[in-house]
Amino acid sequence: MNRSSKSPKVGREDRLPGRPVNASRTDMVEVVLPQDANPLGFILGGRVMHLIDIAGAIATHRHCNSHAVTASVDSVDFLNPIRVGELIVLEAQVNRAFQTSVEVGVNVFSENFVTGERKHTTSAFLTFVAIDENRMPHPVPPLILKTAAERRRYAEAGQRRKARLAARAKHRK
Ligand SMILES: CC(C)(COP(=O)(O)OP(=O)(O)OC[C@H]1O[C@@H](n2cnc3c(N)ncnc32)[C@H](O)[C@@H]1OP(=O)(O)O)[C@@H](O)C(=O)NCCC(=O)NCCS
């Protein structure tokens, strides 16, 4: 497979039909089990990152109706621990579609189903690239924005992309 050629350019005539944000919205819930935890009984950070990647990938597949790979994950901060026996709740959606890539936002919460208490644990932004059967990047559908929150996330994703691509260019030098 030759991966040296660049992504296809997307002309106006090639534009795919747009997809609304709620087409990609993905909710995942799991109970935290002892094998997912450290000796203190808190879920391992790596397990949370694994679930973030899966939720983000599902949101991408739903938006693009194609295969995709994770290109990058922005920094992830863990604000609150999640204990064994609690639920880990992940909410993901496409924030912005570019040419062959999308930014997905994933919010993670802990939920104690006895008390009903819910705490925000982590937010993450991931970039996925849609790929074809030859594992070459291919165009993604544009995103249709309907709410003020969707427009805000779209604008913020544009700023994050600039920083990401600048870091990528620096890394490649
Ligand atoms: C991601 C991948 C497909 C990009 O391939 P590439 O030949 O560098 O593609 P391009 O330079 O043409 O970029 C394609 C798109 O990816 C985006 N992209 C590539 N690397 C990126 C990065 N590190 N962060 C953000 N976006 C990135 C580009 O901005 C471009 O987006 P656009 O078309 O929407 O503008 C390729 O590097 C790959 O297959 N990586 C391995 C992916 C993988 O295995 N992931 C699992 C974890 S290791």
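This is a predicted model: local features need pLDDT of at least 70, side-chain atom pairs count only at pLDDT 80 or more; totals for chains, interfaces and linings use all residues.
Residues are numbered from 1 along each chain as its sequence is written.

**Overall layout**

I then listed the elements and found 2 helices and 7 strands in the protein chain, helices being DSSP runs of H or I with at least four residues and strands runs of E with at least two, numbered from the N terminus. Along the sequence the protein chain reads β-β-α-β-β-β-β-β-α. Its C-alpha atoms fill a box of roughly 55 × 40 × 30 Å along the principal axes. Of the 173 residues, 28% count as buried; a residue is buried if 20 or more other C-beta atoms lie within 10 Å of its own, exposed if 12 or fewer, and partly exposed in between, with C-beta atoms placed from the backbone.

**Helix α1**

Helix α1 covers residues 45-64, and its 20 residues reach 28 Å from the first C-alpha to the last, close to the 28 Å expected at 1.5 Å a residue, the expected span being 1.5 Å times one less than the number of residues. I asked myself which residues of α1 are buried. They are Val 48, Ile 52, Ala 55, Gly 56, Ala 59, Thr 60, His 63 and Cys 64. Seen down the axis of α1, these buried residues fall within an arc of 155 degrees, so they line one face of the helix; the arc is that of the directions from the helix axis to the C-beta atoms. An α-helix has 3.6 residues a turn, so residues three or four places apart point the same way. On the other side of α1, Gly 46 and His 50 are exposed. The buried residues of α1 pack against β1 (19-20), β2 (26-31), β3, β4 (87-97), β5 (101-111) and β6. After α1 comes Asn 65, with a positive phi near 50 degrees.

**The strands**

I followed the pairing next, two strands being paired if DSSP finds at least two bridges between them. β2 and β4 are antiparallel over 6 bridges, and Val 31 stands opposite Leu 87 in β4. β4 and β5 also run antiparallel, joined by 10 bridges, and they form a hairpin with 3 residues between them. Across this pair, Leu 87 stands opposite Glu 111 in β5, while Val 89 faces Phe 109 in β5. β5 in turn pairs with β6 in the antiparallel sense over 11 bridges, with Val 102 opposite Phe 128 in β6. In the hairpin of β5 and β6, which has 6 residues between the strands, Gly 116 takes a positive phi near 80 degrees. I also checked how covered the strands are: β4 has 8 of its 11 residues buried, and β5 likewise has 8 of 11 buried.

Asn 38 and Phe 109 are 71 residues apart in sequence and 18 Å apart in space, C-alpha to C-alpha.

Is α2 largely in the open or largely buried? Of the 25 residues of α2, the number buried is 2, so α2 lies largely in the open. Helix α2 reaches 36 Å from its first C-alpha to its last, close to the 36 Å expected at 1.5 Å a residue.

**Around the ligand**

My last entry concerns the ligand, which 17 residues surround, the closest being Ser 72, Phe 98, Gln 99, Thr 100 and Ser 101; a residue is near a molecule if its C-beta atom, placed from the backbone, lies within 6 Å of it. The elements that give two or more residues to this shell are β3 (67-73), β6 (118-131) and α2 (148-172), and β3 gives the most, with 4 residues.

Technical notes
Two residues are in contact if their C-beta atoms, placed from the backbone, lie within 7 Å.
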